[in-house]
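Please keep the sequence and the 3D view open while reading.

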Amino acid sequence: MTHDYWAWSMAAAALLPAVLRAATPILLAALGGLISDLAGCINVGLEGLMLVAAFFAVLGSVLAAYWLPGLPPVWHAWLGALAGVLAAMLLALLLAVFHLEWGADLIVAGIALNVLAAGLTVFLLSTLVGDKGSTASLDTPVLPALHLPGLQSWPQLDLLLNGEHGRGHHLLLWTALLAIPLLRLLLRHTRTGVWLCASGEHPQAAAEAGIPVKRMRYLALLVSGMLAGLGGVYLSMGYLSLFQSDMTAGRGFLALAAVFVGARGLTGTVLASLLFGASAVLSTRLGAAGMAPQLLYMLPPVVTLLALVAAGARKQGRAHRSS
Amino acid sequence: MKQATALPLQQRLQRQQALAQRLRLPVALAAGLGCGFLIMCAVSSEPLRAFLILLTGALPRLHWSAGEGWQLTRLVRFGAVIEDAITLTLLGLAVAIPFRARQFSLGADGQLFLGALAATVVSLYLPGPWFVVLSLSMLAACASGFLWGALPGLLKTRFQANEIVTTLMLNIVAVQAYRWLVSGWLRDPAGGFIVTPFLPASLQLPVLLVHTNVTVMLLALPLLVWTSWLLLMRTTLGYEIRVVGQSAAFALQAGLPVQRTVWLSMGAGGVLAALAGMHISHGLLKRLPVDLPAGLGYEGLLVALLARCEPRAVPWAALMYAYLRTGALAMERSTDVSREVVLVIQALVILFLVAERMQPALAGGWLRWRARRAEGGRHDA
């Protein structure tokens, strides 16, 4: 009995970090999508923002190592991560300027942004690295993991908080978890957050009340660029330690789906991101059990579709009851 | 007094708007190409040569030699432009119709894969005279495209599931189902790599231009474009699609069947995407490889946006895009610039094209500048 309990708790403690690792990029991008959605700007370009950040993080760290060889390698990784996030924010700014200043349709511009990012990364990759597939030939530094000491006496907790082999979780994984309460604080307890939500809820009324709607939307799109950028950096400097063409593989759209499934709430979005991370883990675990790979690749999109349907049905049920 | 001042202002505004409308596409194209050139300058050692090849590489070349006189070469390459343009026109129409209803359906990819698959299965396994089998293949392609297109529409009307996300997810499902079936059930054991058997020669679409794969699809194309235009502009469904696209709330108030319009528009797009798939399977490749590249649907999206979702403009946009793509292939072979720069250029063109307020602002500035210069000239004289 106790042995069973022990084995189960260890398995659960090992599974959760795997789910978290798979969910982190989706979660970061979904938080970005949530904040811009709350400000009334649906950000379809999350995928492109992640892709650009992942690429420029690798490029930035390689260039930093080339230009500043004196620095310790960890600094190269940090400079690269900064470059990645800045690139994503720059692209988000482009989207914001085109939409807010020049009246471009937000969804069309967001789709164009994804195409731009896919083209630009492969173009620069093949021109600068000479390989269209990946930056495997380059030596990419990785952002460090955070190891929490002093947990040896609680093996489950140690496995949960430090992962397998006690290597610790990636820094950006903790950042993603930390971003949840920070975002809640921002949205609920600061003036900026309230203004931001008001600009999304009813832009005319907000403008009448003296809220700078346009500035709030700029802010929201920039923050979503930053968060999606962090998600992208995690992909190329944590999940893997290189850039591959199209390495986001639809995670930006899963993040968008997470916002919808989560009914534009913080808790719902986080739970939906975790669900998508879990479906990715499940598909790799089933792959180890010898199922046809093509069927396994269908699992995450099918889970997403079912989640969207369930969220829609739930919303409808609620509307039905209240009417 | 008031009249006298109001009239010139009105006239000026009208002229400003007319100029902005006329300049819109040329300015967007020039801006996109210009930005592309700047990016090429930043990374290439011979940007000017690369840019020229990009712009002229797809043209057939007329040249003279003493032995053989005037000769037209690179016709095969130009044939490739036309093959590409046919696929892109069909995909462009497939995206344009739901976009007119403001349904951002990105599912052309999945519909293309399923359409090609359905047509190939029917052609390979159904016995009978060629015209029966070929029309049944086309019917199967259209039906699968319609179903796969209407499904996200139904999910949207029934469950408010965002169509951008659902169509992308359905794309993955369709592409993986295609790969599963081609690598398992349909695989030709003598094929060498994973591929279906060749279609019977009688079922391949007849070729119009020798040494290329330009098939009778080219002749069917004007008909399809015209039908799409007719559907949008001259039928009740088309009217409903346009009204829903302009304002769904208004359409609902006016008593139009908004939900039916939404899924029907997406299903109609699916039919055209499936026909693009059949063009690929029965016209271009004659068989289906397992690694048929995904992502063509997005290029159809670019074409549709470039044509501003106007069916009659779609073939020209497709031709232009196919021309640039083929030029980009030539550029990639002979310079250090890779062909993906075309995606960047295209995305920028679309950004400039949809920036509604950018060009009126620019046109206003230009007219003001001209007026000031004319005034200055008068002062000088």
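In chain A, helix α3(A) is followed by A:G103, whose phi is positive, near 70°. Helices here are DSSP runs of H or I with at least four residues, and strands are runs of E with at least two, numbered from the N terminus. This is a predicted model, in which local features need pLDDT of at least 70 and side-chain atom pairs count only at pLDDT 80 or more, while totals for chains, interfaces and linings use all residues. Residues are numbered from 1 along each chain as its sequence is written, chains are lettered from A and ligands numbered from 1 in the order in which they are written, and side-chain values use heavy atoms, with hydrogens and water left out.

The 29 residues of α3(A), 73-101, should span 42 Å at 1.5 Å a residue, and the end C-alpha atoms are 41 Å apart, which agrees. The expected span is 1.5 Å times one less than the number of residues. α5(B) can be treated likewise: its 30 residues should span 44 Å, and its end C-alpha atoms are 43 Å apart, which agrees. After α5(B) comes B:Q160, with a positive phi near 50°.

Confidence is given as pLDDT, the predictor's confidence in each residue, from 0 to 100. Chain A averages 83, with 91% of the residues at 70 or above. Within chain A, the lowest mean, 68, belongs to helix α5 (residues 155-162), and the highest, 90, to helix α9 (residues 213-239). Chain B averages 84, and 96% of its residues score at least 70. The model scores ipTM 0.84 and pTM 0.85.

Now to the interface. Counting heavy atoms within 4.5 Å as contact, 48 residues of chain B and 47 residues of chain A take part. The two chains bury about 4,000 Å² between them, 79% of it from carbon and sulfur atoms; buried area is the accessible area (1.4 Å probe) lost on putting two parts together, summed over both. B:F159, B:M169 and B:L351 supply 15% of the area that chain B buries against chain A, more than any other three residues.

One salt bridge crosses the interface, taken as a side-chain nitrogen of Lys or Arg within 4 Å of a carboxyl oxygen of Asp or Glu. The side chains of A:D105 and B:R102 form a salt bridge at 2.9 Å, N to O. Among the elements of chain B that touch chain A, α6(B) gives the most, with 13 residues.
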